[in-house]
Amino acid sequence: MVQQYTTYHHLYLDAHTHRLPETDGDAFRWCALSLQQTAVLSVPDLQGAFCVGLHPWYIKNELLEQQLHQLSHLLAHHRVWAVGECGLDRLCATPWNLQLQAFEAQIRLSEQHRKPLVIHCVRAFDTLLQFKKTLRPRQKWLIHGFNKKEIIAQQLLQAGFFLSLGAAALLPSMPAHRLAATLPLEYIFLESDDNTELSIKNLYQTVSQIRNISPEILRAAIWDNFETLLKN
């Protein structure tokens, strides 16, 4: 995988987005696909990378075995570089035990295919940390859209998680804005998620100003983090 993206280091890595990659522009997009969207993997000239997973919002008990089988097949695709987004969400309607079952299954697929995990987590960081402690995965885990207090961030960093900040980092009232200044550079990613109005370049520029470093230094550091994330 490393050889596939080294020519794109002049671009701003968007570590989690639902916008399809483009053949031009200033961003290298890591696009999260649902199982229903994976036909785009056959488009030859898309610039970027993909991850595929079962989001906790959309898990169905009667389809789970079939979906996991399909996901395992897709993870063998050379353009799918991670499992995700997957995770845990205590505010969604999906039964909690079903979420736990689906998440653990995807952790095991991550280990089997030797690809990292991209995680959606809402009010379940305690359970997430317990999974990490119990299963002791070898693959790296990235939490996307992180916007929680520093005490939670520190617990996650100590457990080896990478944290990706999105549009909330632009707002001084948000925890992500404060974390943009304090997170260790070797654990940080930046993302646009589903915000179609957010320019990833502008996000890099804002975070680099907060950290008092150049956008080029920040961009290089995040590409280094991406390489570390993908090492298996």
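Student: As what does E104 count by relative accessibility?
Tutor: This is a predicted model: local features need pLDDT of at least 70, side-chain atom pairs pLDDT 80 or more, while totals for chains, interfaces and linings use all residues. Numbering starts from 1 along each chain as its sequence is written, and side-chain values use heavy atoms, without hydrogens and water. Buried means under 20% relative accessible area, exposed over 50%, partly exposed in between (1.4 Å probe, protein chains only). At 28% relative accessibility, E104 is therefore partly exposed.

Student: Which side chain meets E104 in a salt bridge?
Tutor: A salt bridge puts a side-chain nitrogen of Lys or Arg within 4 Å of a carboxyl oxygen of Asp or Glu. For E104 the N to O distance is 2.6 Å. The partner of E104 is R108.

Student: In which helix do E104 and R108 both lie?
Tutor: Helices (H or I, at least four residues) and strands (E, at least two) are DSSP runs, numbered from the N terminus. E104 and R108 are four residues apart, about one turn of the helix. Both lie in α3.

Student: How many salt bridges does the rule count?
Tutor: E104 and R108 form one of them. R90 and D126 also form a salt bridge. The count comes to two.

Student: How far apart are the closest N and O atoms of R90 and D126?
Tutor: The two residues form a salt bridge. R90 is partly exposed at 38% relative accessibility, while D126 is exposed at 52%. Their closest N and O atoms are apart by 3.2 Å.

Student: How many residues apart in sequence are the parts tied together by R90 and D126?
Tutor: R90 sits in the loop between β4 (80-89) and α3 (96-113). D126 sits in helix α4 (residues 125-135). The pair therefore ties together parts whose separation in sequence is 36 residues.

Student: What is omega for the cis peptide bond at G84 and E85?
Tutor: The cis bond joins G84 to E85. E85 belongs to strand β4. Omega there is about 5 degrees.

Student: Where is D193 found?
Tutor: D193 has a phi near 55 degrees, positive in a residue other than glycine. Its place is the loop between β8 (188-190) and α7.

Student: What is the relative accessible area of N212?
Tutor: N212 lies in the loop between α7 and α8 (215-230). Phi of N212 is near 60 degrees, a positive value in a residue other than glycine. N212 counts as exposed because its relative accessible area is 71%.
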